[in-house]
Amino acid sequence: VRIRYTFYEKDRRRDKSNIAAFGVKVIEDALVNLQILKDDGWKYIDGYTLDFGIDKARPRIEVEISETEQEI
């Protein structure tokens, strides 16, 4: 799969790398724990993209998962 993460922060205080590094790891572990993904290794996650925005009223993380073609 490919995963697109969009991080909405309430302000610009935290560095983007600090936001993403922790968020990606926790979310991927949760997706495996919930059996949404079989594993979070190279065989199962083709890649991901990171986007950032500001939403003072509703900070959040949006996760979009799309399937990719499997190697034969």
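Which residues do ring pairs link into a cluster? They are Y5, F7, Y48 and F52.

1. Basis. The model is predicted, with local features requiring pLDDT of at least 70 and side-chain atom pairs counted only at pLDDT 80 or more, while totals for chains, interfaces and linings use all residues. Residues are numbered from 1 along each chain as its sequence is written, and side-chain values use heavy atoms, with hydrogens and water left out.

2. Aromatic pairs. Searching the whole structure gives 3 aromatic pairs. Rings of Phe, Tyr and Trp (its six-membered ring) pair if their centres lie within 6.5 Å; planes under 30 degrees apart are stacked, over 60 edge-to-face, and the rest tilted. Y5 and F7 make a stacked pair, with 6.0 Å centre to centre and 20 degrees between the planes. Y5 counts as buried because its relative accessibility is 0%. F7 is also buried, at a relative accessible area of 1%. Here buried means under 20% relative accessible area, exposed over 50%, and partly exposed in between (1.4 Å probe, protein chains only).

3. The Y5–Y48 pair. Y5 also pairs with Y48, edge-to-face, at 5.9 Å centre to centre and 85 degrees between the planes. This pair links distant parts of the chain: Y5 belongs to strand β1 (residues 2-9) and Y48 to strand β2 (residues 47-54), 43 residues apart. Strands (E, at least two residues) and helices (H or I, at least four) are DSSP runs, numbered from the N terminus. Y48 is partly exposed because its relative accessibility is 44%.

4. Charge over a ring. The charged end of R60 sits over the ring of Y8, 4.0 Å from the ring centre. The criterion is NZ of Lys or CZ of Arg within 6 Å of the ring centre and within 35 degrees of the ring normal.

5. T6. This residue is in strand β1. T6 is buried, since its relative accessible area is 6%. Not counting residues up to four places away in sequence, T6 touches D51, R60, I61 and E62; contact means heavy atoms within 4.5 Å.

6. T49. Strand β2 contains T49. T49 is partly exposed, with 34% relative accessible area. With neighbours within four places in sequence left aside, T49 is in contact with R2, I3, R4 and Y5. The C-alpha atoms of T49 and V1 are separated by 12 Å, and the two residues are 48 apart along the chain.
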